[in-house]
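Please keep the structure open while reading.

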Amino acid sequence: MSHTSSLGISAFMAELMAKNPAEPEFHQAVHEVVESLDHFLDENPKYKHARILERIVEPERIIMFRVPWVNDKGEMQVNRGFRIEMNSAIGPYKGGLRFHPTVNLGILKFLAFEQVFKNSLTTLPMGGGKGGSDFDPKGKSDNEVMRFCQSFMTELYRHIGPNTDVPAGDIGVGGREIGFMYGQYKRIVNEFTGVLTGKGLKWGGSLIRPEATGYGNVYFAQEMLKTRGESLKGKTVLVSGSGNVAQFTVEKVNNLGGKVVTLSDSSGYIFDADGIDDEKLKYVMHLKNNKRGRIKEYADKYGCKYVEGERPWTEKADIALPSATQNEINETEAITLVGNGCMCVSEGANMPSTPEAIQIFIEKGILFGPGKAANAGGVAVSGLEMTQNSMRLHWTREEIDQRLQSIMQSIHSTCCQYGTKENGFINYVDGANIGGFVKVADAMMAQGAV
Ligand code: NAP
């Protein structure tokens, strides 16, 4: 790949796009990082001479495989499985598995690329990876999901290990799926090791892991608000999604005195002006995690507004915490949010804001926490789970929560260190990208031609 110093960002991107065609999300994720790094690399030419950027966009290894399984009717099904082992400069590959029909190579490469920077920011020794399948768990029986997970692991097991690559959950992969995959891994290798994180509490899992991404994002938002003498108390909050991240985001916002008025899924969103209190949240958890139902049922039960096929960003609020999926806030929605007085957007999901939306947030000077910093709490607690598994010990809920809070504070400080501009504005996008880059780049340079 070409050198950014001689050809500039557009030539670097043109070559990346030619070499990785039809992967728009990967291009988008790389472009954001390259833009943030441009000036920093000019000031630190050693990274250019070592061609770190050219190397860091190239996955160390990509594994793609067939996943055959048989449904309840006895019919043969086939899906595609992936694992992107992106970068191991500072630790074993680490990152989630996503099971969703939209999964493809480009989406997983974007997620694996972001994961490298995110994991570096956590201060823990973890490289970056991501994987998954275009399998759709929606509407499948527990037995079908089990047969799929067993088939998926029957190939994946040979590529992972507690010191090599440690996957976790992501969209469509929660406690049930991790359990089925862990059981199959253990049968094949005959070893009880910490090869997956997000495990059940009774078999090696960490307390607070299910809560960590949502809680961590709220802790990060709180740190950002503090820089302006604000807090979550009394604030109205929009949350999208209704899965793992969204649910624990609501729990923590309630805990800190805020009021969440929306939740969504891929069919539409609910708006509850009275707020989704702890009692209603319990219902959402049951609806989504046990019944595997749709968010519309919340509106039916509580008699509030449901908007089919739309996202919640036209509702008025002080804070937005997108927690569903990539590119779920576009430019128009960003303009509406800011116009409605939103002062803070913190990303629980990965890359939920389009580049145009981010530009609006930054131009308008609101607090904007990018996913690779704001949602790093999940992988941070996964890192703690790896430590507990290696040391065969168990920390209490309070100890883990305390560590999670201090990691989120440390990520916030790193963003301030690298992202504060001359006028005092903190550009958290630049801060996260540069802060995440430096540690990985220094490790790669020390390790030679890797
Ligand atoms: P989850 O439990 O599977 O929930 C995902 C939620 O997002 C569901 O409500 C889902 O609705 C919605 N959603 C998924 N794809 C969508 C789409 N294309 N359009 C609209 N809505 C969609 O997953 P999760 O773990 O909460 O993950 C949510 C986000 O957080 C993802 O971006 C993930 O990468 C990120 N993240 C997760 C973790 C973690 O620890 N889990 C850590 C860091 C970042 P449906 O049910 O209708 O699909």
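Helices α6 (residues 142–156) and α7 (residues 175–189) cross at roughly 45°, and their axes come within 8 Å. Axes here are lines fitted to C-alpha atoms, for helices over the stretch in contact, and angles run from 0 to 180 degrees between N-to-C directions. Helices (H or I, at least four residues) and strands (E, at least two) are DSSP runs, numbered from the N terminus. The model is predicted: local features need pLDDT of at least 70, side-chain atom pairs count only at pLDDT 80 or more, and totals for chains, interfaces and linings use all residues. Residues are numbered from 1 along each chain as its sequence is written, and side-chain values use heavy atoms, leaving out hydrogens and water.

**Helix pairs**

- α6 and α7 are therefore oblique to each other. Angles under 35 degrees count as roughly parallel, over 145 as roughly antiparallel, 65 to 115 as roughly perpendicular and the rest as oblique.
- The crossing of α6 past α7 is right-handed. A crossing is right-handed if the near helix is turned clockwise from the far one by less than a right angle, and left-handed if anticlockwise.
- On the α6 side, the contact uses Asp 142, Val 145, Met 146, Cys 149, Gln 150, Phe 152, Met 153 and Thr 154. They meet Arg 176, Glu 177, Phe 180, Met 181, Gln 184, Tyr 185, Arg 187 and Ile 188 in α7. Contact means heavy atoms within 4.5 Å.
- The contact of α6 with α7 has nine nonpolar, three polar and four charged residues. Ala, Val, Leu, Ile, Met, Phe, Trp, Tyr, Cys and Pro count as nonpolar, Asp, Glu, Lys and Arg as charged, and the others, Gly among them, as polar.
- Helices α5 (residues 105–121) and α17 (residues 428–446) pack at about 80°, with axes 8 Å apart. α5 and α17 are therefore roughly perpendicular to each other.
- Val 116, Phe 117, Ser 120 and Leu 121 of α5 meet residues of α17 including Ala 432, Gly 435, Gly 436 and Phe 437. The contact of α5 with α17 divides into six nonpolar, four polar and one charged.

- α9 has twelve residues, which should span 16 Å at 1.5 Å a residue; its end C-alpha atoms are 17 Å apart, which agrees. The expected span is 1.5 Å times one less than the number of residues.
- Nine of the twelve residues of α9 are buried. Buried means under 20% relative accessible area, exposed over 50%, partly exposed in between (1.4 Å probe, protein chains only).
- The buried set of α9 includes Val 245, Phe 248, Lys 252 and Asn 254. Their cover includes α8 (209–226), β6 (236–239), β7, α10, β10 (319–321) and α16 (397–419).
- α10 (residues 278–290) has 13 residues and reaches 17 Å from first C-alpha to last, close to the expected 18 Å.
- Lys 280, Leu 281, Tyr 283, Val 284, Met 285, Leu 287 and Lys 288 are the buried residues of α10. Among the elements covering them are α9 (244–255), β7 (259–265) and α11 (296–302).
- Arg 292 follows α10 with a positive phi, near 50°.

**Buried residues**

- Glu 385 is in helix α15 (residues 377–391). Glu 385 counts as buried, at 0% relative accessibility.
- Not counting residues up to four places away in sequence, Glu 385 touches Leu 196, Thr 197, Gly 198, Lys 199, Gly 204, Gly 205, Ser 206 and Arg 209.
- Gln 388 is also in helix α15. Gln 388 counts as buried, at 3% relative accessibility. Its contacts, leaving aside neighbours within four places in sequence, are Ser 206, Leu 393, His 394, Trp 395 and Ile 400.
- Cys 344 lies in strand β11 (residues 344–346). Cys 344 is buried, with a relative accessible area of 0%. Beyond four places in sequence, the residues it touches include Ala 221, Met 224, Asp 318 and Ile 366.

**Positive phi in loops**

- Ala 22 is not a glycine, yet its phi is positive, near 60°. Ala 22 lies in the loop between α1 (4–19) and α2 (24–43). Ala 22 is exposed, at 74% relative accessible area.
- Arg 51 has a positive phi of about 55°. Arg 51 sits in the loop between α3 (45–49) and α4 (52–56). Arg 51 is partly exposed, at 34% relative accessible area.
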